[in-house]
Amino acid sequence: YENPSREEDFEYDLVSIGAGAGGLVSSKQGARRGFQTALIEGHLAGGDCLNVGCVPSKALIRCARAMKESSRAAEFGIECDLETLKVNFEKVMLRMRKLRAQIAPADSYEGAKRLGVDVYQGYGRFSGPNSLVVGEGSQRRELRFKKAVITTGGSPSIPDIPGLAQVNFHTNETIFNITKLPKTLICIGAGPIGLELAQSFALLGSKVTVLLRSSVILPKEDSDAANIVREALETDGVCFENSLSFLQVKYRDPDKKSGFVVTCKRSDSPNELSFEGDGLLVATGRSPNVGGLSLEAANVDYSSENGVLIDKYMRTSNKAIYALGDVTEMPKFTHMSGTMAGIVVDNALFGESNSWKDIVLPRVTYTEPEVAHVSSLGLQCQDEEIDVYTAKLNHNDRAILDGSNSGFVRIRCRKGTDEILSASIVHDKAGDIIPALTIAIQFGIRLGASGLGRVIHSYPTVAEGIGGCAFQYKMKHWKRLVNGEVQGGE
């Protein structure tokens with residue numbers, strides 16, 4: 001591949017550094033809208049999401065769910081021989097790779113080039129406030145820009161545990177390369193990535209143990225939502241070990257560099273505990289990719305912990321340079337990066353003043369059941385300023401018929417009003433239901449009789465849980481006949 005060559009004094013309207021969702025959207029959208037844009041990437045197009053994140057993990061999850069459905073066949077009156085039911089893990093991973101390849105063209109360099117984006121392969125680094133260098137040797141190019149956006153994403157955050165750096169553990173960046181199912185798997189971390197993979201590997205046949213420093217999983221979610229997920233994972237064979245401090249990680253067989261032993265102490269005991277596994281997965285969060293960018297040369301403020309610092313318009317300390325996605329402190333989701341990229345194009349190239357605080361952001365953890373949540377990023381509200389309406393799904397007819405009625409729909413409103421501030425759903429299809437509430441918050445549709453309270457939901461559907469929350473609000477504000485007089489009402 002030969003990097004483009006431009007005249008020495010050529011100046012791009014926008015240069016995007018990093019070809020994940022943020023870089024692809026910003027460079028392609030800028031080109032579509034008439035600007036000269038460039039995209040720089042030293043690794044694979046599509047970023048983490050396509051290659052080692054959302055896409056391969058959801059393929060794995062689908063296979064795990066198929067196995068679970070098969071094992072529940074008798075519950076639905078289907079007779080099959082569970083003794084012969086088995087997982088061909090090589091085929092599971094082959095399916096994942098085939099589907100990832102099917103999706104990949106949408107994120108390809110070729111697709112960007114067809115739209116008029118100049119694509120540079122190599123790692124970019126700033127050489128001044130309005131210039132950067134990409135590539136080495138004959139591929140080295142110096143680019144000048146009016147505006148730039150840093151979209152270099154993040155990498156797995158690795159905890160400081162003695163011995164961990166000396167063993168070949170897995171993160172999300174390597175776990176999808178394996179072709180043999182580990183008989184036993186240790187997972188350090190109980191956030192969305194760790195739990196999704198822990199449940200999937202357990203359903204596919206691994207004995208999975210999740211090790212936690214605390215006793216809390218999914219700390220950003222409501223405690224009852226996290227408890228439902230935990231119970232579901234335990235039912236699927238995942239074992240949780242709580243309140244641990246990590247003392248050491250080593251190979252079980254140092255000569256063969258195989259197997260792992262994680263030594264810990266529990267907070268309420270002086271005794272050491274050892275956990276052994278054929279595989280070791282570390283899923284303890286994300287760190288911003290700020291290394292090697294020479295941000296100092298561009299007068300861009302950053303820290304290794306929090307990434308590139310931005311204002312509400314996503315500008316850095318150098319107002320010609322923007323940043324978005326996982327390289328900042330913003331929520332780390334593909335759809336967040338893509339949304340921020342669109343805002344950057346409007347702000348940087350059209351002089352608009354759109355704020356990330358106006359984004360209404362849904363998120364989903366794809367365990368079974370799923371946990372979905374939505375709120376405005378600018379929301380600042382204390383618990384005492386909120387009214388909460390919860391419709392449990394144990395009485396939802398569709399959830400009962402589907403055999404998955406342990407979750408709920410929850411809507412939070414500003415106290416004393418029907419203004420929806422946020423919502424949470426726990427159910428196998430929570431991610432497919434949360435868009436209705438995302439739309440409501442985005443467009444100011446309220447919970448009462450003038451909004452969701454008048455919406456008809458098809459019967460039987462789990463989405464009737466939204467109507468259940470609206471009904472609870474309406475009951476509080478109904479007109480009532482009291483001693484012959486009509487009272488109340490909105």
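What volume does the second largest cavity have? In this predicted model, the second largest cavity has a volume of about 40 Å³. Its lining consists of Pro156, Asn172, Ile193, Val282, Ala283, Thr284, Gly285 and Arg286. By class, four of these residues are nonpolar, three are polar and one is charged.

A search of the whole structure returns two cavities of 30 Å³ or more. The largest cavity has a volume of about 50 Å³. Residues Ile61, Ala64, Arg65, Glu196, Gln199, Ser200, Leu203, Tyr366, Thr367 and Glu368 line the largest cavity. Helix 3 and helix 6 (192-204) each give two or more residues to this lining. The largest share, four residues, comes from helix 6. Four nonpolar, three polar and three charged residues make up the lining of the largest cavity.

At least two lining residues come from each of helix 3 (54-71), helix 9 (397-402) and helix 10 (430-442). Helix 3 supplies the largest share of the pocket lining, five residues.

Five strands build an open sheet with antiparallel pairing, in the order 19-20-23-22-21. Strand 19 (360-365) and strand 21 (386-392) each have a single partner strand, so one side of each lacks a neighbour in the sheet. Neighbouring strands are turned by 10° against each other on average, direction ignored. Strand 19 and strand 20 (residues 370-376) run antiparallel and are joined by six bridges. Within this pairing, Leu361 has Ser375 of strand 20 as its bridge partner.

Two helices lie across strands of the sheet. Helix 7 (residues 223-235) lies across strand 20, strand 22 (408-414) and strand 23 (420-427). The angle between helix 7 and strand 22 is about 165°. Helix 11 (residues 464-477) lies across strand 21 and strand 22, at about 130° to strand 21.

Eight aromatic pairs occur in the structure. One of them joins Phe35 and Phe350; the ring centres are 5.2 Å apart and the planes stand at 85°, so the pair is edge-to-face.

Key:
Residues are numbered from 1 along each chain as its sequence is written. This is a predicted model: local features need pLDDT of at least 70, side-chain atom pairs count only at pLDDT 80 or more; totals for chains, interfaces and linings use all residues. Side-chain values use heavy atoms; hydrogens and water are left out. Two strands pair if DSSP finds at least two bridges between them. Axes are lines fitted to C-alpha atoms, for helices over the stretch in contact, and angles run from 0 to 180 degrees between N-to-C directions. Contact means heavy atoms within 4.5 Å. Rings of Phe, Tyr and Trp (its six-membered ring) pair if their centres lie within 6.5 Å; planes under 30 degrees apart count as stacked, over 60 as edge-to-face and the rest as tilted. On a 1 Å grid over the protein atoms alone, a cavity is a set of points where a 1.4 Å probe fits but cannot get out, and a pocket is an open set with protein on both sides within 12 Å along at least five of seven lines; lining residues have an atom within 4 Å of a point. Grid points are joined across faces, edges and corners, and a volume is the space filled by probe spheres set on the points. Ala, Val, Leu, Ile, Met, Phe, Trp, Tyr, Cys and Pro count as nonpolar, Asp, Glu, Lys and Arg as charged, and the others, Gly among them, as polar.
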